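Welcome to a short tour of a protein model.

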Amino acid sequence: MKKGYKQLVDEATAQIKTYSVAQAQAKLSDPQVQFVDVRDIRELEREGIVPGAFHAPRGMIEFWVDPDSPYFKPVFGESKEFILFCAAGWRSALTTKTVQDMGLENVAHIEGGFGAWKAAGAPVAVKESKK
């Protein structure tokens, strides 16, 4: 293997903005900031969600961010700061680097992801299942 996940995550982290949970939490009520959860829907239902976060699954993010894609989501066309997170901060680091490379400006991720968010006692809401 030429590059493992650790090297990919480390390389991405070196090129993106990273917020601590406290820094991110301070931006939670800012209307110019959009939190973006890249976890799988089952993780949201099992672990909870950051209130007000937009759910953009990791597997669809490139298609949802690109205005030329038939799957484009208008939220990504807004002039806001986007703060991405996953469970531990690995997927969100890679995702942040990817969308930054695609041209999405003003993007960051949360160090330690939702796990660190929850452990710090930051606000968590229940994600209702659509069953």
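Start by selecting K97 and D101: their side chains meet in a salt bridge, with N and O 2.7 Å apart. A salt bridge here is a side-chain nitrogen of Lys or Arg within 4 Å of a carboxyl oxygen of Asp or Glu. K97 and D101 are about one helical turn apart, because they sit four residues apart in helix α5. K97 is buried at 16% relative accessible area, whereas D101 is exposed at 54%. (Buried means under 20% relative accessible area, exposed over 50%, partly exposed in between, with a 1.4 Å probe and protein chains only.)

A word on the model: it is predicted, so local features need pLDDT of at least 70 and side-chain atom pairs 80 or more, while totals for chains, interfaces and linings use all residues. Residues are numbered from 1 along each chain as its sequence is written, and side-chain values use heavy atoms, leaving out hydrogens and water.

Next, select E11 and K3, another salt bridge, at 2.9 Å from N to O. E11 is partly exposed at 29%, and K3 is partly exposed at 41%.

Now show helix α1 (residues 5-13) with helix α5 (residues 90-102). Which residues make the contact between them? Pick Y5, L8, V9, A12 and T13 of α1, and W90, A93, L94 and K97 of α5; contact means heavy atoms within 4.5 Å.

Last stop: select R58 and E62, whose salt bridge has its closest N and O atoms 3.1 Å apart. The whole structure holds 10 salt bridges.

Notes: Axes are lines fitted to C-alpha atoms, for helices over the stretch in contact, and angles run from 0 to 180 degrees between N-to-C directions. Helices (H or I, at least four residues) and strands (E, at least two) are DSSP runs, numbered from the N terminus.
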